[in-house]
Amino acid sequence: MSQVVTKNKLSGSTNGKGIKVVATSTIGTTIHTAVAGTSSFDEVWLYAYNGHTADVVLTIEWGEATVPDGNIVITVPFKSGRFLIADGRLLNNGLLVTAFAATANVIVIDGFCNSIV
C-alpha cells in the first residue's frame, strides 16, 4: 500500500501567515485541525516567535485540552528568531492543536503539516 504525502499550511493560518496566540488559558488559540479519520495522519511542525521584552511560557495542547499528557510546555526566549516547538508530531481523527501563553498577543506560531494519506 503506497502513501501520498502533501505539504500543507496549518489550518489555523490565513494564507500561510503566522498565528498570533491570543489565549492565556485553556482552551487555547486554534493552530491546526488534524485530518479526519484514523487511517491518515498529519505530521505537524511548529515554530514560535516571541516579540515580547521577556521570555514567555507557551503551552501547546495536543489533541485535548483536558489531557496534560500530550501537552508541550516550553519557555520561548524573547527576540531570538523562530524557535522549534514541535518536530513532526503526528495527529489525526480531527483533533485540535491549540496554544495559550502566559502573555497574550506576543507569541506568533507558524509552521506546516505533511498530510500522510
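Residues are numbered from 1 along each chain as its sequence is written. Because the model is predicted, local features need pLDDT of at least 70 and side-chain atom pairs count only at pLDDT 80 or more, while totals for chains, interfaces and linings use all residues; side-chain values use heavy atoms, with hydrogens and water left out.

Strands are DSSP runs of E of at least two residues, numbered from the N terminus. Two strands pair if DSSP finds at least two bridges between them.

Strand 8 spans residues 96-101 and pairs with strand 3 in the antiparallel sense over four bridges. Within strand 8, Ala-99 is the bridge partner of Thr-29. Strand 5 is joined to strand 8 by six bridges, and the two run antiparallel. Here Leu-58 stands opposite Ala-101 of strand 8. Five of the six residues of strand 8 are buried, so this strand is largely enclosed by the rest of the structure. Buried means under 20% relative accessible area, exposed over 50%, and partly exposed in between (1.4 Å probe, protein chains only).

Thr-59 belongs to strand 5 (residues 56-63). Thr-59 is buried, with a relative accessible area of 9%. Residues up to four places away in sequence aside, Thr-59 touches Asn-71, Ile-72, Val-73, Thr-98, Ala-99 and Phe-100. Contact means heavy atoms within 4.5 Å.

Leu-95 lies in the loop between strand 7 (83-91) and strand 8. Its relative accessible area is 32%, so Leu-95 is partly exposed. Beyond neighbours within four places in sequence, Leu-95 is in contact with His-32, Thr-33, Ala-34 and Gly-63. Leu-95 and Phe-41 are 54 residues apart in sequence and 11 Å apart in space, C-alpha to C-alpha.

Val-117 lies in the segment after strand 9 (107-116). Val-117 is exposed, at a relative accessible area of 54%. Leaving aside neighbours within four places in sequence, Val-117 contacts Ser-2, Gln-3, Val-4 and Ser-40. Val-117 and Val-4 are 113 residues apart along the chain, yet their C-alpha atoms are separated by 5.3 Å.

The structure holds one aromatic pair. The ring centres of Trp-45 and Phe-112 are 6.1 Å apart and the planes lie at 10 degrees, so the pair is stacked. Trp-45 lies in strand 4 (residues 41-50) and Phe-112 in strand 9, so the pair ties together parts that are 67 residues apart in sequence. Rings of Phe, Tyr and Trp (its six-membered ring) pair if their centres lie within 6.5 Å; planes under 30 degrees apart count as stacked, over 60 as edge-to-face and the rest as tilted. Trp-45 is partly exposed, with a relative accessible area of 24%.

Two arginines also face rings. The charged end of Arg-82 sits over the ring of Tyr-47, 4.1 Å from its centre. That of Arg-89 sits over the ring of Trp-62, 4.5 Å from the centre. A charge sits over a ring if NZ of Lys or CZ of Arg is within 6 Å of the ring centre and within 35 degrees of the ring normal.
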